[in-house]
Amino acid sequence: MSIRYNPDCRTITLNTARTTYQVKIDRLGVARHAYYGARTADEDLSYLVYEKGDGMSVNPYEAGYGDRSYSLDTLPQEYSGFGSGDYRETALSVRDARGAECAFLRFESFQIRRGKYGLGPLPSACADAEAGVWTLVLRLCDRESGVSADLYYGVFEEEDVITRAVRIRNGGTGPVTLEKCASLQLDFQYGAYELVTFPGKWAGERRVNREKLTRGVKSVGSRSGASGAFYNPSAILAAAGTGETRGEAYGIAFVYSGDFLLQAEVSEFDSTRLLLGIHPDHFRWTLAPGETFTAPEAVMAYSDAGLECLSHRFHRFVQDRIVRGYWRDRRRPVLLNSWEGTYFTFTGEKLLRMAREAQAFGAELFVLDDGWFGKREDDRSGLGDWFPNERKLGMSMAELGEGIRAMGLGFGLWFEPEAVSEDSDLFRAHPDWAVSVPGRKPSLGRYELVLDLSRKDVQDWLITRMEAVIREAGAAYVKWDFNRNLTDLYSAALPAERQGEFQHRFILGTYRVLGALLEAFPGLLVEGCSSGGARFDLGMLCFTPQIWTSDNTDAIDRLFIQYGTSMLYPPSVMGAHVSAVPNHQTGRVTPLETRAAVAMAGCFGYELDPERLTEAEKERIRAQIGRYRDLWDTVFRGKYYRLASPEEDVTVWESVSEDLGQALVTAVYGTVHGNMYVKRVRLRGLDPDAAYTLRVLEGAERLPAQARTLFTGGRTLLGQTLMNQGMYIPPAACDRQAWQIRLDRA
Ligand code: DGJ
């Protein structure tokens, strides 16, 4: 059993295969956080917690007359409430009907059970079977008010991951209001840490930012109704000196797609506290007696072998426990998306011609992006009118879908379900369905308003309409976009005292619509998108097995975006397309093989007008798609290694298949220089005793003579040699050249 209670010392120990997490119930009934780290012997680790009252600390009443070293302000805790002596950022803030803000949470009971808890309407990690997964529910209670907090822990033994969630219950006699309700608190009494976050922007999502934590609070978050492009709801806490292959690191990520706040606080005694949860700024949730509120799930993992090991733990967990349904283990279709090829300007005939070309070079799915519905010639109108524009198409959606399917291709459609244009029939019929504060003009984002998905009538309408179009089109794929964020927070359907619930209800509504569509069409592949990767989170990934990583399709910019994303998200969830050059976002011209090599590190596709390709290019694309099919399993199910970051002259990454029989090393040069040095990399994760052949996939004729034998399968090298002594990356003949080198066990 992975969760053990020791009644002698009142510890609860959670063990995964390689990590241990321990909680200690202390003499006042406070759940102390005793330990999280490498797997330990079965011992009471709470000796590590040093009770250190500061001269200025306050003490709980029971301790106050004699035990001045006992202070909640300095003790590591599992879940702290504001108003009982902890002056740090606390996890819970609850106000009673008198206006008093106070919660002193103490142990009441616990329950250990096989399998994974569920969270009702909220998405959460899943367990196909009960084996290897355990749940702890630790109930803490504020004895005076009767408010309780059920702390949920999901222990995934093999994956070395622990999930967290919290359910607050008002067990008192009057109403209480939650003003903050974090999902995860992680306290460290010792250690100097650096915080890695993933700041970004439109077309530049998830860069890596690493900074030393010093006294004070470092926080990132979102108040925009979506997890957002500016920060990702995930972070890594790394011990100083931690690199790819050594050092301690803790990863956390939120299974939620709305407002979030991630805080890292270093206290006066250099202890560090991490908090992750719904952003409290615009959140208020009132609970009548007997009512509960469930805070979304957060995921955490620990590695004592550097960032790479942490990434591997997250990757596997996301692949197996977050992504679910029909597409979880299936190869995703290679798609052609119409957006950058046509934008809003197309007819049904043009689309059919594009699809025919795509089919000829080996694509499997044709995706019709924005512009097929209502009055939608540009981005100023039409959103919400999810009725095919047959005049523009020159045919019905059923005919278009049939035409595409007759070529042997799947058909996919773009939607932006949470948006509505002012210039739309939907808005004219239901102005109150758009989010805005009464008496004010709503703010616009890309000329759009937000549809109030907190309302059940809106959700129901959307489900019915989308289902009808998907059925008519025979669509096998939906791209679910969201191009603006929320700001004028107000729902016409909520009373004044419940407006603070709006944003969370909005996200629950989005999840409900997604869930309903997948129930109606279990084989539907939904790709998440939000102006690219502005809603790239584990919440969406519970519904959408892949997310469009960024609107920036430039291969060189993508190196940075995919590198940062890869820290906690696997390649199998990153949508990545080859687009035309000069690139539409950067104007950069990058060789076709480089664009393909970079896109092959994700869910591969093309996003261009194939009628503008030369015959030679189409031939090369046919070969690229063939290679992708061959290597898919290695990239998707294998392990991913970052060998050289995009900050270097050559970015290098490696994927190794689960059975170690195949690997793909991809190297992409930035700007090349005259008489450039040759880069050596040490490969990782290979079978040390196996001999491997090395073959470049494209451009072998450009290899310098001395590199030909090695990189065209002419000799073998042992895995241990490639890992210890390494190999050099063949020089580049031009800027931004890529090499894909395939390794096969001989
Ligand atoms: C933003 C998306 O990220 C693009 O890929 C495209 O779908 C456009 N929206 C369509 O409006």
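Student: Which residues lie nearest the centre of the largest pocket, and how many residues line it?
Tutor: His312, Arg313, Arg316, Gly638 and Lys639 lie nearest its centre, and 29 residues line the pocket. Keep in mind that this is a predicted model.

Student: What makes a residue count as lining?
Tutor: It needs an atom within 4 Å of a pocket point. By that test the largest pocket has 29 lining residues. Its volume is about 570 Å³.

Student: Which elements give two or more residues to that lining?
Tutor: They are α2 (306-322), α13 (615-637) and β30 (639-644). The largest share, 8 residues, comes from α2.

Student: How does the lining of the largest pocket divide by class?
Tutor: There are 12 charged, 10 nonpolar and 7 polar residues. Arg and Lys count as charged, while Gly counts as polar.

Student: β30 has come up in the lining. What makes β30 an edge strand?
Tutor: Look at the open sheet of 6 strands, ordered β30-β31-β32-β37-β34-β35, with antiparallel pairing. β30 and β35 (712-718) each have a single partner strand, so one side of each has no neighbour in the sheet. From one strand to the next, the twist averages 20°.

Student: How do you know that β32 and β37 pair?
Tutor: Pairing takes at least two bridges. Strand β32 (residues 662-669) and strand β37 (residues 738-745) have 7, in the antiparallel sense. They therefore meet the cut-off of at least two. In one of these bridges, Gln662 has Asp744 of β37 as its partner.

Student: Why is β14 called largely enclosed?
Tutor: Buried means under 20% relative accessible area. In strand β14 (residues 234-239), 6 of the 6 residues are buried, so the rest of the structure largely encloses the strand.

Student: How do you know that both faces of β14 are covered?
Tutor: In a regular strand, side chains alternate between the two faces of the sheet. On one side of β14 are Ser234, Ile236 and Ala238; on the other are Ala235, Leu237 and Ala239; all are buried.

Student: Which strands pair with β14?
Tutor: Strand β11 (residues 193-197) pairs with β14 over 4 bridges, in the antiparallel sense. Glu194 stands opposite Ala238 there. Strand β15 (residues 249-254) pairs with β14 over 5 bridges, also antiparallel. Leu237 stands opposite Tyr250 in β15.

Student: How many disulfides does the structure hold?
Tutor: It holds 0. For Cys102, the nearest cysteine sulfur is that of Cys141, 13 Å away.

Student: Why is Cys102 called partly exposed?
Tutor: Its relative accessibility is 38%. Partly exposed covers the range between buried, under 20%, and exposed, over 50%. Cys102 therefore counts as partly exposed.

Student: Is Cys141 buried or exposed?
Tutor: Buried. Its relative accessible area is 9%, and the cut-off for buried is under 20%.

How values were computed. Residues are numbered from 1 along each chain as its sequence is written. This is a predicted model: local features need pLDDT of at least 70, side-chain atom pairs count only at pLDDT 80 or more; totals for chains, interfaces and linings use all residues. Side-chain values use heavy atoms; hydrogens and water are left out. Buried means under 20% relative accessible area, exposed over 50%, partly exposed in between (1.4 Å probe, protein chains only). A disulfide is a pair of cysteine sulfur atoms within 2.5 Å. On a 1 Å grid over the protein atoms alone, a cavity is a set of points where a 1.4 Å probe fits but cannot get out, and a pocket is an open set with protein on both sides within 12 Å along at least five of seven lines; lining residues have an atom within 4 Å of a point. Grid points are joined across faces, edges and corners, and a volume is the space filled by probe spheres set on the points. Axes are lines fitted to C-alpha atoms, for helices over the stretch in contact, and angles run from 0 to 180 degrees between N-to-C directions.
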